Structures are given as C-alpha cells and as structure tokens.
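Reader: Hi, I'm new to this one and could use a quick walk through it. Can you put it up on the screen?

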Amino acid sequence: MQQENSVEKKLKERIRDVFDDFELVIGYSQSKIPLKVNPLFIQRKEEIDDLIFNNLCINNLATYSYFLSNELKGKIGIVLKPCDTRSITQLISEELLNKDRVKSIVVGCAGILDYKKIVKEIGGLKIISADIKDEHIRIDTIDENFTLKAKNFYADKCYTCNIYDNPPYYDEFIENDSKLNIEPRKEYEDLDEFEKLSLEEINSFWDLQFSNCIRCYACRNICPLEVCRDKCIAQLDVPHWQSQKINAVEGKFFQLIRAFHLAGRCTECGECERVCPANIQLLKLMKKINKDVLKLFNYRPGFNLDEKPPLLTFKNVEKNIKEEELI
Amino acid sequence: MENILGTNKDINNKDINTNSRKTGIKIVAFLCNWCSYAGADAAGTSRLRQPEDIRIIRVPCSGRINPLFVLKAFTQGADGVLVSGCHPNDCHYSEGNFYARRRLEILKEFLPVIGIDKRRFSYQWVSASEGQKWQKVVINFVKRIREIQG
Amino acid sequence: MKTLTYIKKENLNTFLEKLNKNYDVFLPVQNKADGTINFESLDIVNDNNVINLKEKTRKSPKSLFFPPSENLFEFEYKKDIKKPDIMEIKLLESEKMIPDEINSRKKVIFGIKPCDTMAVKCLDLVFGEGEKKDPRYVMKRENTIIISIGCNNIFPDCFCTSVGGNPFYFDHSDLGLIDMGPNLVIFKSSERDDIRELLDKSHKFFEEREINSDEEIEIKKIISESEKKCSSNWESVNAEDIALDMERKFSEEEMWKNITRKCISCAACTYVCPACVCFNIGDEQTGMKGERYKCWDFCTNYYYTLEASGHNPREKIYQRYRNKINCKYNYFYKRNKNLYCVGCGRCIDVCPVGMDIREIVKHVRSLQK
C-alpha cells in the first residue's frame, strides 16, 4: 500500500543491529484489512523485512509484555510509540515487569489515525480499499468513494500529546523526521463538557451505551495493565461480584470494576475504546479518575519509574482532600 | 467544610421517627469495628433516638472497604451509603483509614460521572466515645437522602 | 422461473409496517451516531436509526433465536415453621417472564443474508434436533418466518463459497429475494402454510407477471458475478479434507503457538459468530428467591476448562484457540456433518488484533509453516 518511509528504514536497521540480544521482537506489519495493522512477532532475522511504522500503527504492543515475559526466558524487544511507553513504565514502577527483560524500542511519533472516526465519517460503510497519500485518505466502498483530510482524523490522545518526540523512558530511541503537526487541545476538555450534563442525561447516556455490551472482555484483555485476565473477579462465583448474565446493568458494573482496578494506573492509551465491538465510550470513566488523581495527588501514571502510585500509599495530612462534615 | 444543619434546635421528631417501612429508603452503612461501630453502640445504649432507615455492616477497618462495595450497594438499590471509621492518626491498625480516605475521596468525585448523586454517599470519622456525633450524622444523612428522594 | 413476483422497493417500508401489525419484524438497523448495523425490531426505526439492507451487520442474528441471556425459571425457597428441617423449593410463575408467551409470538426476520441462514441450520442441529431439544428454541423457531435477501455486494472478508455456501443460497430461508434494482424479486418461496398466509395477506404489495428473457439473463448474471467475487476471497475448502488436516496437525504445538501469538483470548469473535453455540447455565439467588438463567459462554476463556482441582487442560491461549478452530472445522463436522463456519467474516472484522481465520486454516493445511 505505501512505500517504505525513512523512519521504517532506520527502525529496521537498528533492530537488525541488536537482534541477536533478543529472543523475540514485537513490531507492526501490514494487514489485509484496509487502514489496519497487525502485530508482528519476529523470531528470525528474515522477518524483520516485514516491519512497518506509519500513522496507522494504533495498536499498543505493550499488552503482550507481561505475559510474554513470564512465558519466555530471554529478552523481549517491543516497538513502541511514546504514549505506549507509559504503559511499560507503569508496569515497571509497580514491579510487575522486570526492566532488564523487556526492552522498549521507541520510535518518534507523527500522530496516528483513528479507524473508528474514519468509519463514522463515511457513515459506517464497509471499506473495500483505502490509500493514504499527501495527507489525504482515499477510501472506496461498494457504491461511493471518499477523500478525507488526514489531520481531522487523528486519535483523541494525539491532540493532547507532548511526548511524541521525547518519551519518558526508552532503551532505544529512533528519531522520526516527520513531527506531529495538529492543533493541540486542552486536556480533559470533553470530560469537562460531559460533567456539566444533568444526572438524568448521564444515566440515559450510559443506559444507551451499555445496551449493546456483550461482555466479550476485549477491553480487559487488550489493556496492558490488566494482568489479571485469567483471574478476574468478574468471572468468579465465589465471591459473587457479578452475574454472568449479559445485559446493560452487568456490563456497566463490569466497567466500574475495571475503572477501580485501574484507578491511578491507567495510561489512557485508548485501546479499550478502540477494540470494543459495541463502540462504548469506555475511556470517559478512566479519564475521570485520572483527572481526579492528578488534581488531588499531582500524579500522572506512566512517567516516573520511581514514583509510587498514589492509591498504594498515603500521607498523614492530605492537602487537597477537603472532607465534609455532617454535623 | 460543609455544615448541613446548625444546632440541635433544627432537629425535630419528624426527622427521628422514621424507618424503612414508612419511608421506603434503604441506607447501608459500613462501620469500622473498633471506633465507629462502638460509637454507634454507645449511641444506642445512651438511648439517643435516631431514624431507623440505616442498616449497618461491620468491617474490621475502614481500609477494608473496597470502593466496589459502595458501588455494588448502589447498583443493588441502596438509596444512600455511609462509611465511617476511626479518626485519621487514630486507626486501630495505624494506617487503614489513610488508604480509605484516598480511595473514598476518589470514589466520591467519581459518582456523578456514572449518574449517582454525590450527596448520596458520605464518609465520616466517628470514634468509640462519640455517640452523640453518630446520632447527628445519621439524622442529617437520612434527612439529606429524603430531600434528594423528593 | 416462469413468473416474476416482485415488490417495488419504494413500497418496502409500508409493507414492513403493515407486517409489523401481525408479526414482530426484525431487520438490520443502522445507528447513525457511529454507523454500526445490528438486527433490531422495526419499532426503533426513526431519524437516527435507519434500515440498511446492503451492508453486513456487526453482531449476528443468532441472538434472535439464542439470546445472550435468558431466564429459564424462577424459584423460591419456602420453610414451614412447624417442620424446620424441611426446605421446599417452589417454581414461580412470575409476570416478568412467561416464556411461552414470549417465545410463541410470531416473528419475521427480514433482510437476513444466506450465510446467516446457513448458521441457523447450525443452531437447529444443536438445539432443535436429536434427543434433547431446547423447547424454547423449538417454539421460537416454529413461529419465525425467515425472509432472506441474496448478496449482490461481496465484501473483502466474505468467504461463504469456500465453506460450501453461496451468496444466493435460499434452502434454509422461507422466502428468498433478489435485489434487481428498483424491485425485490421473489426467487424462492417455501410451501409452508404460514408463508402462504403471509403472502396472501400482503398480496396488494406484490405484483406478478411473466418473466422475460432479459430478466432471466440478468438474474443469472447477478448470481454468477457474486459467486465469482466471493470465491476470489479465499480458496475452496473441502470439509472432509479440512477435518482430516486438523486432526493430523493437532499436536504440532510450535506451529499453533506461532500462529496464535497475537490472540488475547477475548470473546469478541465467539460472540459475533452466528454459528458458535456454547452456553452456560447458572443459578443466582438473593435471599430466598432465585432464578436459573442460560447465557452465552466462550471457549477462549481461561475459565472454560478450569477444573475444581485447579488443573486446567487448556491453560495457554494457543490450546484454546486450537480447540476453537477444531470445533468449527473438525469436531462439529464429524458429529453433525456440517461445518460450523459459514464464511460471514464477522470475526475478522471485529478482532482487536487482526486474527484472520482464513490465514489460520491455510497455515494448518499447508505443508510448510
């Protein structure tokens, strides 16, 4: 679909140089489905040629880090964007990952396109083929053709990103000549708007969103920080937190379990929202808790290897918590 | 700090003589065993009259409380949830209530985003000798819930 | 075909609304907010939810026969003070679910595609035939009329012809329609009494005349073009051969590990698949009352084969995925003489990491990796 760009060349060269140290390298490769990419697991040097890196590489490959580092004995290298590195940093700061076992090969990012936004723009039609050239996306569907301006369809997280060329943590850094060039937005702007709605509106919003939930657990399994997927309390009978019935109430309660499991740990990579088959806006819940953690404890997950997550520690006097008195 | 009611003059019999069968309100209270539960007990033995809408669940420490307990109570139909523990710096297990304070503050701010009124939840610190404080907390909390219910 | 019975597309909405008065009509409805299409009741169609008969639905119509969650019955424990050592269990008839009334309502599923009707056959073989039948399923099935529309448009992830299907396969539908521009033409009509009754009641919407040779040629052309496009999406799979291949390659653990490395073992592919039939039955109780429900289950789940001792024969993801593929292309074929994959491509569309079932099966069949 596209020719090899300069950052891909640099990435492949670097990986070829260091390949012998690693048992496995994870990167991106071309997918048959238009506008999507596949994770690629490289175990032999020849497979490095299949690597790509472009503005469609939205998957967060840090999901595989915890489970592969437990399964394999040698070192694992993962190709990451700077926003994904936050997940690795958070896992290391919680001592779930050994930083000598998993090496981050971070590539400077020029922004990534959001597949769901593009599909929504063309009215939900199935994409037969697509092409990206000169900042324009050309799409063919059964009856119609579309041409979209790429810079309107970047992922939400790109508009508030300021680490696209200086990641918080890396073992190898590959610089990208093209830089992110879109108008920045204020952090948590959409959440502020959402909080202004009345309680009835919020309730009917969530009822509508969760009416399509099929409890597939894709959101939980794709999250890099949910290492508990084989031991999840939502699937246990004793203690009975949740019914196994598939309906809106149970779907919503499962997200509340997830929100509190990720409280103060979520790095807002957005994968949960991307993979949801029912298009539920899950990230709002995680962002709300992150916003409060930032306000109360001045902590952002995934930036500092040595800082302890705020809900795992405490202070005798909390400056920012104003408790209410009921007398 | 919010003061819901000012002085004792504002408490009248209408606020105290209630129970779930009359009002239909269900309030769940999670009390820590060493301070708040003993405090509620002290309120009882001193014959301090309170509304009977609340149902108490005893936990060893306020730090035992998973925010999901509160959310599950709301999902199952509770109209209000009250959590009470030892005063900070005075926890029977030294640090439990420090963790609780952080978690429950996050929970309190989170409730509006999922459609639950923030005023339906409150966490307090009531010690074993504060029977009167417990009485006031219960009366005011139940009154607040009744106002929300309309 | 001698005669051409057809309904003009401009009269379709009125026909469906009239049908909705005597039957519950379900059809593909697109939510304009995000573009997804699912099978919904005609009642929710409005400005924001429009009918879309061309594109594929995200979720399959199996939820109309095999709902994600269904209550089987309610029970209550009763104790008699005079006999404290005896606990009686009583089954309740509660108003919120009177199963026979719900299941015996007459339904029409309109606009279902031939691949999904083949999947209905897969469900029939499991729930509706043999010694043990699910009585609610049988009742739902007997009271449902399936009106299918053939596929003029083939998408890149369709491969029904490779697994023994056809874009104009109407054997499992009660009425099969072909889209011929301004009209929907009846290609096949079952002789059942309730179909005749439906056609009689709606006779003013359907026109009938003799077919002319141009139209016959056009119908043949539509069918053969779709067949050709669909066959180019994947090679043809002979069911007997694939079952043997799966059996032979079962113990090649390294191969299975390598091709399933990406999988995150969620339930997305299982739950949107029209032919996946696994379910779970559980009891839930609060106080003295409880209910027994039946809900979907997914074999890619760690808990699916977890035993009470703590041992799990399918502990790793590649073992569970291997089981899923074998289930569809091997075990069910041997048992029911039917492949349990109908080539709809929904799993490929919805997979978070891009697992393609065609690639997996191809890997297993080829001699090299």
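Reader: Thanks! Which side chain does C:Glu291 meet in a salt bridge?

Author: The partner of C:Glu291 is A:Lys245, at 2.3 Å from N to O. A salt bridge here is a side-chain nitrogen of Lys or Arg within 4 Å of a carboxyl oxygen of Asp or Glu.

Reader: Before I go on, what am I looking at, and how do the names work?

Author: It's a predicted model, where local features need pLDDT of at least 70, side-chain atom pairs count only at pLDDT 80 or more, and totals for chains, interfaces and linings use all residues. Residues are numbered from 1 along each chain as its sequence is written, chains are lettered from A and ligands numbered from 1 in the order in which they are written, and side-chain values use heavy atoms, with hydrogens and water left out.

Reader: OK. How many salt bridges are there between chain C and chain A?

Author: Six. There are also 19 residue pairs in polar contact between chain C and chain A, both residues being at pLDDT 80 or more. A polar contact is a pair of N or O atoms within 3.5 Å; within protein, one must be able to donate a hydrogen and the other to accept it, and residues adjacent in sequence count only if both atoms are side-chain atoms.

Reader: Which element gives the largest share of the side of chain C that touches chain A?

Author: That's β13(C), with four residues. Helices (H or I, at least four residues) and strands (E, at least two) are DSSP runs, numbered from the N terminus.

Reader: And how much area do chain C and chain A bury?

Author: About 4000 Å², with 52% of it on carbon and sulfur atoms. Of the part that chain C buries against chain A, 17% comes from C:Arg261, C:Ile264 and C:Tyr303, more than from any other three residues. Buried area is the accessible area (1.4 Å probe) that two parts lose on being put together, summed over both.

Reader: How many residues does that contact take from each chain?

Author: 45 from chain C and 44 from chain A. Contact means heavy atoms within 4.5 Å.

Reader: What about chain B and chain C, how far apart are their nearest C-alpha atoms?

Author: 11 Å, and the two chains do not touch. Two pairs of chains are in contact, and chains A and B share the most contacts.

Reader: New topic: is C:Thr260 buried or exposed?

Author: Buried, with a relative accessible area of 4%; the cut-offs are under 20% for buried, over 50% for exposed and partly exposed in between (1.4 Å probe, protein chains only). C:Thr260 sits in the loop between α8 (253-259) and α9 of chain C.

Reader: What's it in contact with?

Author: Leaving aside neighbours within four places in sequence, C:Thr260 contacts C:Tyr318, C:Tyr321 and C:Met355. A polar atom of its side chain also lies 2.7 Å from the backbone oxygen of C:Trp256.

Reader: How is chain C divided into domains?

Author: Domain 1 is 1-60 + 105-233 and domain 2 is 68-95 + 237-369, with bounds from an automatic or database domain assignment. Their centres, taken over C-alpha atoms, are 28 Å apart.

Reader: How many salt bridges lie across the interface of those two domains of chain C?

Author: Four. The side chains of C:Arg58 and C:Asp349 meet in a salt bridge at 3.5 Å, N to O. The area buried between domain 1 and domain 2 of chain C is about 2300 Å², and carbon and sulfur atoms give 56% of that.
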